[in-house]
Amino acid sequence: MKVLNYMELKIPSKAQNEAFARVAVAAFVAQLDPTLDEVTEIKTAVSEAVTNSIIHAYEDKIGEIIIKGKIYENYVVEIEVIDFGKGIEDVELARQPLFTTKPDQERSGMGFTVMETFMDKLEVTSEVGKGTCVKMLKAIKKRKSEGVEIEQGFPGGIDK
């Protein structure tokens, strides 16, 4: 699948950068003329992924978060949020709704569930001591008013 455009953003894992990251990704995706709901869903998913990196990957220290975005020719957006923090011991357990390693900090344990709900596909890879990569894909719906239907597929290797 052909990449039409891409971006990369590197930010320190400071709480105030979470809002910047989601707005930057929304601005990148805006070139596809998404609906307000689609933009809101993408911003929420990015917010959850970046917050996970800030809260869980780096805990009380500042590390680096890289956000990559790609737009494919069939109106599919791919977003990766990468950190180099402590990693996740059991990704499948971490993806379970309500699972949290920080119940004392009023964390709901719904971050991955929110990402899965708002995006079309989600892949999480992690290695303890090296970091985590959250890859999310979303198909932006082509407007019916444009009279064009586009067959949307995703780059290979990712199952929802």
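Which residues touch the most other members of the largest nonpolar core? I looked them up, and they are Ile-67, Ile-79 and Met-136, out of 35 residues in that core. The core is a set of buried Ala, Val, Leu, Ile, Met, Phe, Trp, Tyr and Cys residues joined through side-chain atoms within 4.5 Å. Helix α2 (residues 36–57) gives the most to this core, with eight residues.

**Ground rules.** I'm working with a predicted model, where local features need pLDDT of at least 70 and side-chain atom pairs count only at pLDDT 80 or more, while totals for chains, interfaces and linings use all residues. Residues are numbered from 1 along each chain as its sequence is written, and side-chain values use heavy atoms, with hydrogens and water left out.

**Layout.** I found four helices and five strands, running β-α-α-β-β-α-α-β-β from the N terminus on. These are DSSP runs numbered from the N terminus: helices are H or I with at least four residues, strands E with at least two.

**Burial.** Of the protein's 160 residues, 46% count as buried. Buried means under 20% relative accessible area, exposed over 50%, and partly exposed in between (1.4 Å probe, protein chains only).

**Ile-79.** I listed what Ile-79 touches, skipping residues up to four places away in sequence: Val-25, Ile-42, Val-46, Ile-67, Lys-68, Gly-69, Met-119, Val-134, Lys-135 and Met-136. A contact is heavy atoms within 4.5 Å.

**Helix α1.** In α1 (residues 16–29), the buried residues are Asn-17, Glu-18, Ala-21, Val-25, Ala-26, Phe-28 and Val-29. Their cover includes β1 (3–12), α2, β2 (64–72) and β3 (76–83).

**Leu-122.** I went to strand β4 (residues 121–127) for Leu-122. Leu-122 is buried, with a relative accessible area of 3%. From Leu-122 to Glu-78 I get 9.8 Å, C-alpha to C-alpha, though they are 44 residues apart in sequence.

**The largest pocket.** Its volume is about 620 Å³. On a 1 Å grid over the protein atoms alone, a pocket is an open set of points where a 1.4 Å probe fits, with protein on both sides within 12 Å along at least five of seven lines; lining residues have an atom within 4 Å of a point. The volume is the space filled by probe spheres set on the points, which are joined across faces, edges and corners. Of the 31 lining residues, Asn-52, His-56, Ala-94, Thr-101 and Phe-112 are the closest to the centre. Helix α2 turns up again, giving the most to the lining with eight residues.
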